[in-house]
Amino acid sequence: GMMALKLSLKAQENNKPLSAAILICPMCKIAQEITPPEIVQDALSFTARLFPSLSITPSKISPELAFREPQFISKVRENP
């Protein structure tokens, strides 16, 4: 999602409208030190199959993690 937003913002900046974006494998690997134990992963996968739209894990979207450019961070904060 953040990559699509970044592509859209870059296209706006260059005055070239973005008609589509295809993201293929946006996250290749998760760092081992932040990966939960396998039993937790299995439990979350099982729960996700039962309740696909349930928000299980709390997550705070941080534009600082997705963007380096201050103008993009401020745009994301202004338009949540």
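This is a predicted model: local features need pLDDT of at least 70, side-chain atom pairs count only at pLDDT 80 or more; totals for chains, interfaces and linings use all residues.
Figure 1. Read along the sequence, the pattern is α-α-α-α. The chain has 80 residues, and buried residues make up 9% of them. Now take the contacts between residues at least 6 apart in sequence. Of these, 47% join residues at least 24 apart.

Figure 2. Is T35 buried, exposed or partly exposed? Its relative accessible area is 26%. Buried means under 20% and exposed means over 50%. T35 therefore counts as partly exposed.

**Figure 3. Q41, a residue of helix α2.** Here the contact with T35 is seen from the other partner. Q41 also touches P36, again not counting residues up to four places away in sequence. The relative accessibility of Q41 is 34%, so Q41 is partly exposed.

**Figure 4. L18, in the loop between α1 and α2.** L18 has a relative accessibility of 41%, so it counts as partly exposed. Which residues does L18 contact, leaving aside its neighbours within four places in sequence? They are L7, S8 and A11. Look at S8 in particular. L18 and S8 are ten residues apart along the chain. Their C-alpha atoms are separated by 6.1 Å.

**Figure 5. Helix α1 packing with helix α4.** Helix α1 spans residues 2–13, and helix α4 spans residues 70–78. Their axes lie 11 Å apart, at an angle of about 110°. That makes α1 roughly perpendicular to α4, because angles of 65 to 115 degrees fall in that class. Is the crossing of α1 and α4 left-handed or right-handed? The crossing is right-handed.

**Figure 6. The residues where α1 meets α4.** From α1 come L5, L9, K10 and E13. From α4 come Q71, F72, K75 and V76. By class, this contact has four nonpolar, one polar and three charged residues.

**Figure 7. The largest nonpolar core.** How many residues make up this core? There are five in all: L9, F67, F72, I73 and V76. Helix α4 gives the most to the core, with three residues.

**Figure 8. V76 and its partners.** V76 belongs to the largest nonpolar core. It is also one of the α4 residues that meet α1. What does V76 touch, not counting residues up to four places away in sequence? Its partners are L5, L9, P63 and F67. Two of these names return from the core view: L9 and F67 are listed among the core residues. L5 and L9 lie in α1, among the residues that meet α4.

Conventions
Residues are numbered from 1 along each chain as its sequence is written. Side-chain values use heavy atoms; hydrogens and water are left out. Axes are lines fitted to C-alpha atoms, for helices over the stretch in contact, and angles run from 0 to 180 degrees between N-to-C directions. Helices (H or I, at least four residues) and strands (E, at least two) are DSSP runs, numbered from the N terminus. Angles under 35 degrees count as roughly parallel, over 145 as roughly antiparallel, 65 to 115 as roughly perpendicular and the rest as oblique. A crossing is left-handed if the near helix is turned anticlockwise from the far one by less than a right angle, and right-handed if clockwise. Contact means heavy atoms within 4.5 Å. Ala, Val, Leu, Ile, Met, Phe, Trp, Tyr, Cys and Pro count as nonpolar, Asp, Glu, Lys and Arg as charged, and the others, Gly among them, as polar. A nonpolar core is a set of buried Ala, Val, Leu, Ile, Met, Phe, Trp, Tyr and Cys residues joined through side-chain atoms within 4.5 Å. Buried means under 20% relative accessible area, exposed over 50%, partly exposed in between (1.4 Å probe, protein chains only).
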